[in-house]
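Thank you all for coming; I would like to walk you through one structure this morning, going from single residues to the whole chain. Please have a look at it before I go on.

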Amino acid sequence: MIDLRSDTVSKPSPEMRRAMAEAEVGDDVFGEDPSVNRLQELAAQVLGKEAALYVPSGTMANQISIKVHTQPGDEIIMERTSHPFNSESGGLAALSGVQVNLLDGQRGLLSAEQVARVIRHDNDVHNAPTRLVSLENTHNRGGGTVYPMDRIKEIHDVARAEGLAMHLDGARLMNATVASGLQAIEITRYFDSCTLCLSKGLGAPVGSVIAASEDFIRRAQRYRKMFGGGMRQAGILAAGGIYALENNVERLADDHLNAKLLAERISGAPGMRIEPSNVETNIIYLQLDPDEARVDAPGLAAAMWQRGVMALVMGRYGMRLVIHLDVSRDEVERAAEIMCSILEAR
Ligand code: TLP
């Protein structure tokens, strides 16, 4: 099967598995796992922060970060299609008791003016005071969109002037750095806290990191324990993360080329609504034209599945395809042929 449902489906390579099998381990709840400690030091260095914390998932990384930044009753600003709001099981309400001021971005991206317009202070008893602006880079539901640096800086400047903190959901931050040619640190310097997933395009089986100040990470450690994310000999997993950071970053460029190729190949198929120039990284969102396409998205996905290609259905006419390190250029070409032949069939 060619699995294009997500970059989370990638499996550890034999070399990564070897690094994991040979990892030195200890009890990480006691802070004694050398491999976890090494990963945290490496992540802090790559992300340009004082400290980092290894956690089981991107969801926990975001939820812990937001818990550290806020008090119940606070408000946070996010784009409407952001992952923490849409796909983290209501954690913002359940775990942090915050309310979210959702703004409509363009392909997931906000502007500083939009943010400035909705900030509320605690000088009025009616307000839920805004504490935090949370951005996502790349923006998943925006289509793997990369935040332009000037936007981030402008939003940062507004947030700082208003006394707000900045959080980055950097699940796919390395896709953003490779696509933009920037170092991670050039992006993360505008954020008080940032996350990075090792288990998506970077190919590790499990885990994410939070990077921030030492004080922030000390508080995050307590919430990791509270949320049940304190793991013991986690070095076996962390070693996969170290391998991923050391070996699998530059190759993300191949995924971006393959995603672009796939978008271009399928863009001419009957009923296909897709703009290949919007494909900036490894994620493709496509729409089918309800009048022109001979199938809807569930129908297309079912026909693709029968021919060995897996994709994620997003509503009646939408579909997501994600390229990752377990998908070769040949497989991308084959997937494109299969999709075109299904849409062209009479
Ligand atoms: N995203 C998954 C699904 O939850 C949709 C995917 O297949 O794309 N931030 C962003 C931007 C994400 O895309 C994801 C995962 C997460 C956080 C959460 O990471 P995990 O799955 O490790 O909890």
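Let me start at L198, which lies in the loop between β7 (193-197) and β8 (208-212), where helices (H or I, at least four residues) and strands (E, at least two) are DSSP runs, numbered from the N terminus. What we are looking at is a predicted model, in which local features need pLDDT of at least 70 and side-chain atom pairs count only at pLDDT 80 or more, while totals for chains, interfaces and linings use all residues. Residues are numbered from 1 along each chain as its sequence is written, and side-chain values use heavy atoms, with hydrogens and water left out.

Is L198 buried or exposed? L198 counts as buried because its relative accessibility is 0%, and the terms here are buried for under 20% relative accessible area, exposed for over 50%, and partly exposed in between, with a 1.4 Å probe and protein chains only. Leaving aside its neighbours within four places in sequence, L198 is in contact with residues including L39, Y54, V209 and L245, contact meaning heavy atoms within 4.5 Å. The C-alpha atoms of L198 and I242 are separated by 8.7 Å, and these two residues are 44 residues apart along the chain.

Two of the residues I come to next are also buried. D27 is found in the loop between α1 (14-21) and α2 (34-47), and D27 counts as buried because its relative accessible area is 15%. Apart from neighbours within four places in sequence, D27 is in contact with E32, D33, R232 and Q233.

H139 has its place in the loop between β5 (130-136) and α7 (140-143), and it is buried, with a relative accessible area of 1%. Again leaving aside neighbours within four places in sequence, the residues in contact with H139 include E79, T81, R107 and T145. T138 lies in that loop between β5 and α7 too, and the peptide bond from N137 to T138 is cis, with omega near 0°.

Although R107 is not a glycine, it has a positive phi of about 50°, and at 32% relative accessibility it counts as partly exposed.

Which other residue has a positive phi although it is not a glycine? That is S89, with a phi of about 60°, found in the loop between α4 (83-86) and α5 (91-96). S89 counts as exposed because its relative accessibility is 77%, and its C-alpha atom is separated by 9.2 Å from that of T59, 30 residues apart along the chain.

Now to the interior. A nonpolar core is a set of buried Ala, Val, Leu, Ile, Met, Phe, Trp, Tyr and Cys residues joined through side-chain atoms within 4.5 Å. The largest such core has 52 residues, of which Y54, V115, V133 and I155 touch the most other members. A second, separate core of 34 residues includes A263, I266, V309 and I342.

On a 1 Å grid over the protein atoms alone, a cavity is a set of points where a 1.4 Å probe fits but cannot get out, and lining residues have an atom within 4 Å of a point. How many cavities of 30 Å³ or more are there? The count comes to one, and about 30 Å³ of space lies in the largest cavity, a volume being the space filled by probe spheres set on the points, with grid points joined across faces, edges and corners. Among the residues that line it are A171, M174, C197 and L202, and α9 (173-180) supplies the largest share, three residues.

Finally, the overall division. The domain assignment, automatic or from a database, gives domain 1 (14-247) and domain 2 (251-345). The contact between them takes 17 residues from domain 1 and twelve residues from domain 2, and their C-alpha centres lie 29 Å apart.

Conventions:
1 Å grid on protein atoms, 1.4 Å probe; cavity = no way out; pocket = protein on both sides within 12 Å on 5 of 7 lines; lining within 4 Å.
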